[in-house]
Structures are given as structure tokens and as C-alpha cells.
Amino acid sequence: METQPIINTDNKKIKLDFKDSKYATGRRKKSIAKVWLKKGSGNIHVNGKNMVDYFKKPNLQIAIFRPFAAIKRMNEFDVRCSVKGGGLSGQAGAIIHGISRAIVQFEPELKPTLKKTKLTTRDSRAVERKKYGHRKARRSFQFSKR
């Protein structure tokens with residue numbers, strides 16, 4: 001990506017003013033993200049931490065910027081979100097979904113652009129349940145004829 005957001009090196013609780021912000025909820029697998037979006041300088045905070053501190057993997061950090069890259073506005077919005085449930089990959093997906101829905105609330109004319117890249121749609125794929133008589137969801141026990 002082009003530029004990275006400003007990194008906060010303090011381990012203090014970050015107080016952010018989000019009075020004139022838009023709120024949206026994002027979901028992916030078992031994760032639910034509550035996202036507040038406002039005009040700003042490109043700072044993203046997840047559960048009170050900086051996004052870079054919360055998501056250590058670079059591919060997840062890049063993925064969170066996907067909605068902004070799709071509308072070509074990298075450092076124009078500040079994001080504060082609280083996410084719970086699932087793993088890091090599902091949480092990143094939930095944040096992406098919430099950010100894109102909040103962007104649509106901010107500027108409804110950007111919806112076709114985000115819809116084209118499938119960011120406003122909830123990804124309904126989840127883990128298939130295990131069935132009885134099987135080792136996993138579809139894998140059977142080993143069969144020996146003799």
C-alpha cells in the first residue's frame with residue numbers, strides 16, 4: 001500500500017473523539033465488529049490498540065485497508081472499532097465489512113464501487129459442523145477391508 005498510518009508507541013488507553021461519526025456493524029464467521037468512522041488522517045484503532053499492534057500479520061493489515069483502496073481515499077478517515085469472537089482472520093474480515101458499510105453511510109454514491117469489489121456483502125462462509133459417523137465434517141474413518 002502507499003502509506004502507513006501514524007503508530008502510537010504509548011501503551012495507554014487511547015481516547016478518541018467520535019462525535020460526528022458513522023456507526024456500522026460488520027460480521028465474518030463468528031466475529032462481530034462495531035465500527036465508528038469519521039473524517040480524519042487515517043488512524044485505525046482496534047479494541048483500544050493501534051491496528052498494527054493488534055494485527056501482527058502484514059496480510060491482515062493490508063486487508064483492512066481494502067475498502068479505502070477501493071474508493072481511492074487512503075488517509076481520509078479515522079476508524080475506531082471493537083471486535084469480539086472468532087480468530088484474527090475472521091475479525092479482520094468483520095472490520096472490513098463494517099468499514100465498508102460505514103463508508104456507504106458517509107457517502108451513498110460510493111456503494112456501487114464497494115459492491116463491485118464485494119466488500120458490502122457479508123461473507124456467509126463458516127465452518128461446517130461435524131457429523132456423527134465421521135472424523136470431521138466430511139472425512140470418514142479409515143476403512144480396512146481385511
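Two strands count as paired if DSSP finds at least two bridges between them. Helices (H or I, at least four residues) and strands (E, at least two) are DSSP runs, numbered from the N terminus.

This is a predicted model, in which local features need pLDDT of at least 70, side-chain atom pairs count only at pLDDT 80 or more, and totals for chains, interfaces and linings use all residues. Residues are numbered from 1 along each chain as its sequence is written, and side-chain values use heavy atoms, with hydrogens and water left out.

**Exercise 1. Trace the sheet, beginning with the pairing of strand 1 and strand 2.**

Step 1. Strand 1 and strand 2 are antiparallel, with seven bridges between them. Look for Arg27, which stands opposite Ile32 of strand 2. The hairpin of these strands has two residues between them, and Lys29 there takes a positive phi near 50°.

Step 2. Move on to strand 5 (residues 77–84), which pairs with strand 2 (residues 31–39) in the antiparallel sense over eight bridges. Lys34 has Ser82 in strand 5 as its bridge partner.

**Exercise 2. Find a salt bridge of Glu107 and say which parts it ties together.**

Step 1. Apply the criterion: a side-chain nitrogen of Lys or Arg within 4 Å of a carboxyl oxygen of Asp or Glu. The whole structure has six salt bridges.

Step 2. Glu107 forms one with Lys39, and their closest N and O atoms are 3.5 Å apart.

Step 3. Glu107 sits in the loop between helix 4 and helix 5 (111–116), while Lys39 belongs to strand 2, so this pair ties together parts 68 residues apart in sequence.
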